[in-house]
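Have the viewer ready and turn the model as you read.

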Amino acid sequence: MTASPTVLSALADGVLTLTLNRPEKLNSFNEEMHLALREGIQRAHDDPAVRAVLLTGAGRGFCAGQDLGDRDPRKGGPAPDLGHTLETFYNPTLRLIRSLEKPVVCAVNGVAAGAGANIAFACDIVLAAKSAKFIQAFAKIGLIPDAGGTWSLARILGEPRAKALALTAEPLPAEKAADWGLIWKAVEDDALMPEAQALAAQLAAGPTLGLGLTKRLIQDAATRTLDQQLDAERDCQQQAGRSADYAEGVTAFLEKRPARFSGK
Ligand code: T3D
């Protein structure tokens, strides 16, 4: 395991585990943690040994969004340019997560507030501890939900629930988030990491080229017509059909044995 002060990074059996690591601040983002997380996700793009990512937080929280200590107006000076910080820090990371053609599992181990909640929603499969809650904390400090929040909440929940969560900052418990389809499932607190690790390991050992294409197709579906999507499925299936994993999957089925996928 390599350790930076703010994000722990460990690669084992194809799973790159990234652990937000400022527990005394509920893993809120300072610049160093922004850069370390981005570097971790970029590694997942670049390193063929990484076949799935598991994102979680150290301590009792998942992530409390921006470190507000770095935004203290009492320190004086001009108001910060938050558009610039989104463009410089949050948006590149969100884009990297969504464009990564490998599965990203998120294990929400505790409170996820502000951008912390919305980064979780950008991941592909989100598990949360039953004690965790999601808070669109922005309304309490005069901001708008960022890190893709207005997009994912509206798209996943529809306007009535998206607006109520965003305008009230009411905490959404993990089990309700699962009932609403905002996350995959809520599990007992002590089962969270074993279950998330097993899921990430299962995905990493899977036909990751095909899984990556599947992720892309599902993400792109909302902005396409059915005709366009059928064309995209044709093209991706053509690519998948030429993969070593497809040949291995069919062979393994016919030989009645477990498949040994390579991600190629
Ligand atoms: O600025 C830009 O670049 C624009 C982008 C903005 C993105 C955003 O995410 S804006 C939203 C920022 N986040 C928040 O507004 C959430 C603030 N935190 C809270 O509301 C609460 O801490 C929680 C509801 C998340 C958890 O409450 P609780 O009671 O479980 O814990 P706590 O006691 O409030 O927090 C524990 C410690 O973490 C505490 O430190 P202390 O007093 O023990 O030394 C607290 O100050 C610290 N902490 C929690 N969240 C943050 C934080 N410190 C700095 N920034 C935080 N966001």
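**A cavity and a ligand**

The largest cavity holds about 30 Å³ of space. Keep in mind that you are looking at a predicted model. How many cavities of 30 Å³ or more does the structure hold? There is one.

To find the largest cavity on your screen, look for the residues that line it: Phe-121, Phe-134, Gln-136, Leu-153, Leu-165, Glu-170, Leu-172 and Leu-182. Sorted by class, this lining has six nonpolar residues, one polar and one charged.

Now let's turn to the ligand. There are 24 residues around the ligand, and those that come nearest are Gln-66, Leu-68, Arg-71, Thr-85 and Ala-115. By class, the shell around the ligand has 13 nonpolar, five polar and six charged residues.

At Ala-115, a polar backbone atom lies 2.9 Å from an oxygen atom of the ligand. On its own, the ligand has 1,000 Å² of accessible area, and the protein covers 66% of that.

Which elements give two or more residues to the shell around the ligand? They are helix 2 (82-99) and strand 7 (111-113). Helix 2 gives the most, with four residues.

Conventions. Residues are numbered from 1 along each chain as its sequence is written. This is a predicted model: local features need pLDDT of at least 70, side-chain atom pairs count only at pLDDT 80 or more; totals for chains, interfaces and linings use all residues. Side-chain values use heavy atoms; hydrogens and water are left out. A residue is near a molecule or strand if one of its heavy atoms lies within 4 Å of it. A polar contact is a pair of N or O atoms within 3.5 Å; within protein, one must be able to donate a hydrogen and the other to accept it, and residues adjacent in sequence count only if both atoms are side-chain atoms. Accessible areas come from the Shrake-Rupley method with a 1.4 Å probe; for residues, only the protein chains shown count as cover. Ala, Val, Leu, Ile, Met, Phe, Trp, Tyr, Cys and Pro count as nonpolar, Asp, Glu, Lys and Arg as charged, and the others, Gly among them, as polar. On a 1 Å grid over the protein atoms alone, a cavity is a set of points where a 1.4 Å probe fits but cannot get out, and a pocket is an open set with protein on both sides within 12 Å along at least five of seven lines; lining residues have an atom within 4 Å of a point. Grid points are joined across faces, edges and corners, and a volume is the space filled by probe spheres set on the points.
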